[in-house]
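This report describes a structural model chain by chain and contact by contact. Please keep the sequence and the coordinates open while reading.

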Amino acid sequence: MTAVLAMRDAGFILGAYAATVVVIGSFALWVLRAGRRSGRLVDDEEKYWT
Amino acid sequence: MTPTTSPQPTARRATGTRATRVLGIVTLVMLGWLLLFGLVLSPADIDQGDAVRIMYVHVPTVWLAYLAFIVTAVCSGLYLFGRRHSLGFDRVAGASAEIGVVFMALTLISGSLWGRITWGVYWQWDARLTTTALLFVTYIGYLAVRGLEGTRERRARRSAVIGLLAVVEIPLVHWSVRLWRSLHQEATILDTDLDVDIDGLMLFTLFSGVVAFTLLFVWLLLHRTRTIALDDLLASRGLDRAIAERRSEVTSSGSIGGGS
Amino acid sequence: MSAGRLRAARRIAVKDLLVERRSRVLVNQVLPFSGLVMVVFAFALGTGGVLERAAPGLMWLAVLFSTLITVQRSFAIETADGALESLRVAGIDPVALFLGKAAALAVELIALITVLLGLAVVLYGAEPRAEGVVLLVTTAISATCGLAALGTIYGGLAAGGPGRETLLPLLILPVAAPVLIGATRGVEAALGTDRTAVSEGWPWVGLLTVFAVAVGVSGALAFGTLIED
């Protein structure tokens with residue numbers, strides 16, 4: 001771990017990874033939450049994937 | 001369509017199934033694997049140093065973004081020219097474009113951070129970069145068009161046309177930007193920098209990245225498409241209910257021609 | 001292309017130009033706006049060599065911005081009294097509608113470009129040269145056709161309902177890149193900015209022509225669907 005932090009330009013590199021993880025994570029959570037919210041209002045027979 | 005007052009409401013599941021759950025877990029494992037290899041186990045590049053690590057997220061996101069836009073274009077075509085005009089294709093097109101825009105944004109972020117390390121500047125007016133930025137904005141426009149009001153079919157048809165127009169316009173944009181840069185480029189910095197002499201472990205890491213992000217794309221696409229389907233269902237149900245209410249109003253007041 | 005379709009397209013173009021001549025929105029509002037843009041560029045960039053070198057690009061930027069307003073205007077006259085609706089109900093072919101509106105837009109843009117070119121000469125000191133006149137005119141015409149087709153495609157969509165005005169620049173600007181790049185380089189070659197030769201401008205005219213044809217054809221096919229509501 002210390003080796004990772006000791007990289008040259010660690011801030012930029014870890015920043016790129018952090019941005020990727022945060023953006024994708026929040027997008028995925030948003031999609032899942034929206035699906036759960038709308039899924040509660042619809043009967044399972046109407047969902048083509050069930 | 002059954003109205004909301006169905007006698008026995010069933011389990012009310014979200015957009016997940018056993019298959020997507022397995023896929024999601026595999027995706028998470030692969031992403032963790034990518035972090036491990038990308039940040040820790042893979043070596044630094046001889047020329048680029050540690051900056052090459054950014055490539056392991058940058059390259060997969062840009063590939064998947066392009067793939068997402070291709071999926072959007074293909075599904076737009078299938079919707080428009082398919083015999084059944086299945087709204088399913090429209091949903092996949094919309095979901096894919098959204099994911100593509102997210103991935104493209106990540107590509108631009110990680111790319112500019114890489115550029116800051118390697119070139120000393122965040123942005124270069126290189127043909128590839130410029131086209132990518134324009135592509136990004138074009139699909140933001142596409143998503144804006146998807147958000148316009150109208151009946152479901154009209155929205156789908158309109159979006160499909162915009163999605164296919166992008167296919168005509170993007171190559172022209174790319175061509176013009178390339179002509180522009182080829183005449184004015186002082187030094188070809190980019191061409192040498194990206195053809196790094198990749199060693200085995202680095203190639204493996206890049207490959208893991210592509211696999212991880214492909215799985216992620218499929219997982220996101222499945223969930224997002226289903227969410228859109230749910231929203232469509234709810235929207236049409238809301239409309240049905242509004243019509244039913246209006247009708248009962250009219251019959252109870254006893255005047256059929258009384259409405260506006 | 002049938003003769004009837006062309007006749008309908010011409011009628012729509014004539015109608016648009018007639019409306020414009022009566023209302024004078026182009027002369028009274030768009031033209032002053034684009035002139036103002038040219039002046040404001042000078043504030044931003046400062047006088048001296050920069051303005052003269054950037055003159056072709058600045059001129060086309062002003063054209064692009066004015067195109068956005070002109071397109072909005074062109075479709076505002078249609079949607080105001082549900083005119084687009086009645087044209088469609090009357091069974092006007094969407095291809096003819098597209099061609100007619102694009103043609104009227106092109107005529108208006110050509111007028112605008114002529115004035116802006118004059119302004120570029122006066123304000124930025126961009127002197128035209130005799131050997132570049134043919135290139136200058138060809139560039140202007142091919143760029144105008146592309147812009148008019150592009151504007152008409154998305155103008156029809158953006159005019160379809162309230163709250164869609166902001167959509168127009170978002171849809172047009174990214175794909176207008178070929179026009180801006182090609183037309184700027186073409187005019188640079190015609191004027192000899194940065195000691196460019198006239199012959200360097202012709203490939204750009206090729207680009208502009210391909211763009212105009214591709215966007216024109218796909219727009220004619222797509223227009224019917226886009227104005228449906």
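## Confidence and conventions

Chain B as a whole has a mean pLDDT of 83, with 85% of its residues at 70 or more. Where pLDDT is low, the predicted coordinates should not be read in detail.

The model is predicted, and local features need pLDDT of at least 70, side-chain atom pairs count only at pLDDT 80 or more, while totals for chains, interfaces and linings use all residues. Residues are numbered from 1 along each chain as its sequence is written, and chains are lettered from A and ligands numbered from 1 in the order in which they are written.

## Contacts between chains

Two pairs of chains touch, and the pair with the most contacts is that of chains A and B. Chain A and chain C are joined by no contact, their closest C-alpha atoms lying 23 Å apart.

Chain C meets chain B with 22 residues, against 23 residues from chain B. Helices H6 (133-158), H7 (167-175), H8 (177-191) and H9 (202-226) of chain C each supply at least two residues of this side, and H9(C) has the largest share, seven residues. The residues on the chain C side are 15 nonpolar, four polar and three charged.

## Helices

H3(B) packs with H4(B), residues 127-146, at an angle of about 145° and with the axes 10 Å apart; axes are lines fitted to C-alpha atoms, for helices over the stretch in contact, and angles run from 0 to 180 degrees between N-to-C directions. Residues of this contact include B:Gly94, B:Ala97 and B:Val101 of H3(B) and B:Phe136, B:Tyr139 and B:Leu143 of H4(B). Its residues divide into twelve nonpolar, four polar and two charged.

The buried residues of H2(A), among them A:Phe12, A:Ile13, A:Ala16 and A:Tyr17, are those with 20 or more other C-beta atoms within 10 Å of their own, whereas 12 or fewer make a residue exposed and counts in between partly exposed.

## Positive phi

Most residues other than glycine have a negative phi. B:His85, not a glycine, has a positive phi of about 45°; B:His85 sits in the loop between H2 and H3 of chain B and is partly exposed, with 15 other C-beta atoms within 10 Å.

C:Arg24 also has a positive phi, near 60°, and lies in the loop between helix H1 (3-23) and helix H2 (25-45) of chain C. C:Arg24 counts as exposed, with 10 C-beta neighbours inside 10 Å.

Technical notes: Helices (H or I, at least four residues) and strands (E, at least two) are DSSP runs, numbered from the N terminus. Two residues are in contact if their C-beta atoms, placed from the backbone, lie within 7 Å. Ala, Val, Leu, Ile, Met, Phe, Trp, Tyr, Cys and Pro count as nonpolar, Asp, Glu, Lys and Arg as charged, and the others, Gly among them, as polar. pLDDT is the predictor's confidence in each residue, from 0 to 100.
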